[in-house]
Amino acid sequence: MKSLLIFLFSINLVYGQSIPNLTVGYGDCYDSLPKLVIKAATPEDYHKAFSSNIINKTPAVERKSFVIHTGKGKLKFRKYSFSAGYGDGFKAWAYKGYLPKLKMHILVSIHVAESLGFSDLVLLDSINGSQHTIASVGDGAVEIPIPSPNGDFLAYYYNEAYAANSCFIGVLAVRKEKAPFRIKLSEYNSFETDNWAVENIRWIDSTTIIIKAYTLKKVANENMKQFAYYTARLSKENTN
């Protein structure tokens, strides 16, 4: 059902505007590709790594919509609010920032189907208005993807909502493409575990991520985070 909802949403209109949309990050695509190579690291390694370069913008608002200007014209998106009582068929958007290296806006689409709420992360090209939806691992959107220093890859993660200390990490390859997509994203590497969740990720260099991970432990009847650090090296060959 989740995959079907993503497909249906990807071909929908934004206030009557037809927008090319490619969905990437499906689990079955990652399953056949190489896995990230994980090794232990130190807090010092993490603090020396590149932090994310995301610009926090506030888009213009027109009534109940926010507006984004692209090289192909103005796009309007119904703005999400936290009001209760949304029914089936509801769709809205939240704005999350801008990735200057890729020239892409970061959006989250929120929609309701069968009385359940779902969300997906969407990257909107500021040059030609095309979209890439990153398929969620669960009901909620993945975290904001972080570009590698050379801009050739995007790394993102998703912590399982219903299973503590579990996560998925995905890496997408970025390549130049012909219209309607200026660039095209595709699955490259992934990793999942039920031993820890992710607090944050950074890039050490253009082929290695560093992960600040945590496990939840009960201390005096409270859940406390215990942190650990790992590097994740990109792999061209499947080690399975």
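## Basis of the description

Helices (H or I, at least four residues) and strands (E, at least two) are DSSP runs, numbered from the N terminus. This is a predicted model, in which local features need pLDDT of at least 70 and side-chain atom pairs count only at pLDDT 80 or more, while totals for chains, interfaces and linings use all residues. Residues are numbered from 1 along each chain as its sequence is written, and side-chain values use heavy atoms, with hydrogens and water left out.

Strands of a sheet pair through backbone hydrogen bonds, either parallel or antiparallel. Two strands are said to pair if DSSP finds at least two bridges between them.

E5 and strand E6 (residues 65-70) run antiparallel and are joined by three bridges. Val61 has Phe66 in E6 as its bridge partner. The loop between E5 and E6 contains Arg63, whose phi is near 55°, a positive value in a residue other than glycine.

## Salt bridges

A salt bridge is a side-chain nitrogen of Lys or Arg within 4 Å of a carboxyl oxygen of Asp or Glu. The structure holds five salt bridges. One of them links Glu62 with Lys76, with the closest N and O atoms 3.8 Å apart. Because Glu62 lies in strand E5 and Lys76 in strand E7, this pair ties together parts that are 14 residues apart in sequence.

## The sheet of five strands

A further open sheet has five strands in the order E3-E11-E10-E9-E8, with mixed pairing. Its edge strands, each pairing on one side only, are strand E3 (21-24) and strand E8 (91-99). From one strand to the next, the twist averages 25°.

E8 runs antiparallel to strand E9 (residues 104-113), and eight bridges join the two. Gly97 stands opposite Ile106 in E9.

## Two hairpins

Strand E16 (residues 197-205) pairs with strand E17 (residues 208-219) in the antiparallel sense over seven bridges. The two form a hairpin with two residues between them, and Trp203 has Ile209 in E17 as its bridge partner.

E17 also pairs with strand E18 (residues 222-233), in the antiparallel sense and over 12 bridges. In this pairing, the bridge partner of Ile211 is Tyr230 in E18. E17 and E18 form a hairpin with two residues between them, and Ala220 in the turn has a positive phi of about 50°.

## A cis peptide bond

Most residues other than glycine have a negative phi, and most peptide bonds are trans. A cis peptide bond, with omega of about 10°, joins Ala179 and Pro180. Pro180 lies in the loop between strand E14 (167-176) and strand E15 (183-193).

Definitions and conventions. Axes are lines fitted to C-alpha atoms, for helices over the stretch in contact, and angles run from 0 to 180 degrees between N-to-C directions.
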